[in-house]
Amino acid sequence: MFNQAAQELTTVRDLLRFAVSRFNDAGLFFGHGSDNAHDEAAYLILHTLNLPLDTLEPYLDAKLLQSEKEEVLSIIERRAVEHIPAAYLTHQAWQGEFDFYVDERVIVPRSFIYELLGDGIRPWIEHDELVHRALDLCTGSGCLAIQMAHHYPDAQIDAVDLSLDALEVAAINIEDYGLEDRISLVHTDLFEGLDETYDLIVSNPPYVDAESVEALPDEYLHEPELALGSGEDGLDATRQIILQAAKYLNPRGVLLVEIGHNREVLEAAYPELPFTWLETSGGDGFVFLLTREQLLGEE
C-alpha cells in the first residue's frame with residue numbers, strides 16, 4: 001500500500017488523508033503530544049517537509065517531489081506499523097513553550113509540573129529570586145531542570161538520574177539552551193551521594209503500578225521501562241523521596257512531586273502528611289506539594 005501511495009499520491013492533502021487513514025486503521029494510541037490522528041499526521045508531514053508546524057492550509061495542495069513523498073511516507077509507515085511515538089520519529093517534543101531533543105533513551109516529556117513553576121507555587125515561594133539552589137530528581141531529558149532555570153534566574157540546579165543514557169540526552173538539551181553553567185548533571189539513584197540542600201526539589205519519578213505497566217499501549221513500550229514502573233503500586237520511588245526529602249530541603253523549602261493516578265493510595269499510606277494537591281490542566285490529583293516543615297511534622 002505504501003509503495004502504491006508513493007506512485008499515485010501527489011499533494012500534501014493526499015498524504016494527510018492517507019496518513020489519517022493508516023493511523024486509524026492501525027488503532028494507534030495518541031498520548032505523547034497530539035491526541036488524534038489528524039493532528040499527528042499534520043505534525044509529522046510538516047516536520048518532515050521542514051514547514052512551519054502551525055501552518056498547514058497554504059501547503060495542502062502543494063505537489064511534492066518524489067523524494068519528498070518517499071520521506072514522508074517512510075515516517076508515516078513507521079508510526080503506523082511500529083507504533084513508535086511521533087516524538088521519537090522527529091526527535092522533538094514540546095512541553096509548554098519549550099521544545100526538547102528526545103530519543104528512546106528517555107520518556108517523552110509530559111509532566112504537569114512545568115505548569116506549576118513560578119506563579120503556580122507563588123504562595124510557597126513568594127519571589128522567584130529566593131530559589132538559589134534547586135534539584136530535579138529523575139530528570140530524564142532535562143526538561144524540568146531547564147524550565148526551572150527559566151523561572152528561577154538566580155538558581156543553580158542539580159539534575160539527577162539513574163540512567164546514564166538519559167543524562168546523555170539531558171546534556172544535549174542543556175547545551176541547546178546554553179545552560180551548562182547553571183545545570184549540573186548527576187548520575188545517582190535519587191538522593192544517594194548528594195550533599196547539597198535546596199530551596200526547591202521537583203520530581204516526576206516513575207509512578208506506573210505493575211498492573212498498569214502490563215496494560216500499557218504499544219507506544220509506551222518504546223519508552224525506557226526504568227522510567228515508567230515503580231513497584232507493585234507505583235509508589236516505590238515516591239516513598240523514598242518522601243522519606244528523604246526533608247534532609248535535602250532548606251528551611252521553608254518546597255517539594256513538588258508528580259504521581260499519576262495514585263493520589264488515593266498515597267494519602268492512605270501517609271495519613272499524617274498534609275498534602276497540598278495543585279491544580280493542573282489534568283486536574284488536581286496528579287502533583288502534590290509539601291514543605292520541609294510539613295515533612296518533619298513541624299506544621
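Let me begin with a term: a residue is called buried under 20% relative accessible area, exposed over 50%, and partly exposed in between, with a 1.4 Å probe and protein chains only. Aspartate 39, at 38% relative accessibility, therefore counts as partly exposed, and its place is in helix H3, residues 37-48, where helices (H or I, at least four residues) and strands (E, at least two) are DSSP runs numbered from the N terminus.

What you see is a predicted model, in which local features need pLDDT of at least 70 and side-chain atom pairs count only at pLDDT 80 or more, while totals for chains, interfaces and linings use all residues. Residues are numbered from 1 along each chain as its sequence is written, and side-chain values use heavy atoms, with hydrogens and water left out.

Let me turn to salt bridges, each being a side-chain nitrogen of Lys or Arg within 4 Å of a carboxyl oxygen of Asp or Glu; the count comes to 16. One of them joins the side chains of aspartate 61 and arginine 13, at 2.9 Å from N to O. Aspartate 61 lies in the loop between H3 and helix H4 (66-82), and arginine 13 in helix H2 (residues 12-26), so this pair ties together parts 48 residues apart in sequence. Aspartate 61 is exposed, at 56%, whereas arginine 13 is partly exposed, at 39%.

Another salt bridge links arginine 79 and glutamate 219, at 3.0 Å from N to O. Arginine 79 lies in helix H4 and glutamate 219 in the loop between helix H8 (210-214) and helix H9 (236-244), so parts 140 residues apart in sequence are tied together. Both residues are buried, and together with Glu40 they are linked in a network of salt bridges.
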